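Visitor: I would like to learn how to read surface features and pockets. Could you walk me through them?

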Amino acid sequence: MGTVVDSKCGKCDYAVTFFLGNGIMDFRLETALYKFRSDKSVQHWLKIRKPISFESTNQAGFCKKCNLHTTASVLTLVDSAGLSRKFISHCNECDSILSTSSENETVFCPKCHLPLSKQIIGNWD
């Protein structure tokens, strides 16, 4: 079960909600791959390798190009030779690859650059 986190700036009106972790459907490869259905690098990897294991999760994401905070999907695929490749979702606004941070890292306001407060407001599945 994932966690819903509200992040707000104490100085300005900026706020964002992150859906972190993973839900029950993220344990199915088909569901994890669906999130990356238009990612050409994932599709290319799947053509040349057969995944034998994977990990799918959601992390706090940030687009360095357009300053958008959003939930980023992270997919790690492992093939039979043990080679792994990590894929991170793209920004919905500009299609750049998102940067991610762990749950313990501080997320900063894109407007005034102060740390955002975090409050867990629920769970998602």
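**Reading the surface and the pockets**

Guide: Gladly! Ile24, Met25 and Phe27 make a nonpolar surface patch of about 340 Å². This is a predicted model, where local features need pLDDT of at least 70 and side-chain atom pairs count only at pLDDT 80 or more, while totals for chains, interfaces and linings use all residues. Residues are numbered from 1 along each chain as its sequence is written, and side-chain values use heavy atoms, with hydrogens and water left out.

Visitor: What makes a patch?

Guide: Patches are made of residues with over 30% relative accessible area and no salt bridge; nonpolar side chains (Val, Leu, Ile, Met, Phe, Trp, Tyr) are joined within 5 Å, and like charges within 9 Å. A salt bridge is a side-chain nitrogen of Lys or Arg within 4 Å of a carboxyl oxygen of Asp or Glu. Accessible areas come from the Shrake-Rupley method with a 1.4 Å probe, and for residues only the protein chains shown count as cover.

Visitor: Where is Phe27 placed, and does Phe27 count as buried or exposed?

Guide: Phe27 is in the loop between β2 (15-20) and α1 (29-34). Helices (H or I, at least four residues) and strands (E, at least two) are DSSP runs, numbered from the N terminus. Exposed means over 50% relative accessible area, buried under 20%, and partly exposed in between. Phe27 counts as exposed because its relative accessibility is 57%.

Visitor: What is the volume of the largest pocket?

Guide: On a 1 Å grid over the protein atoms alone, a pocket is an open set of points where a 1.4 Å probe fits, with protein on both sides within 12 Å along at least five of seven lines; lining residues have an atom within 4 Å of a point. A volume is the space filled by probe spheres set on the points, which are joined across faces, edges and corners. Here the largest pocket has about 370 Å³. Its lining has 14 residues, with Lys35, Ser38, Ser89, His90 and Asn92 nearest the centre. Strand β4 (residues 69-79) gives the largest share of that lining, 3 residues.

Visitor: How many residues line the second largest pocket?

Guide: The second largest pocket holds about 220 Å³ of space. It is lined by 16 residues, and Phe62, His69, Thr106, Val107 and Phe108 are the closest to its centre. At least two lining residues come from each of β3 (51-62) and β6 (99-101).

Visitor: What is the phi of Asp95?

Guide: Most residues other than glycine have a negative phi. Phi of Asp95, however, is positive, near 70°.

Definitions and conventions. Buried means under 20% relative accessible area, exposed over 50%, partly exposed in between (1.4 Å probe, protein chains only).
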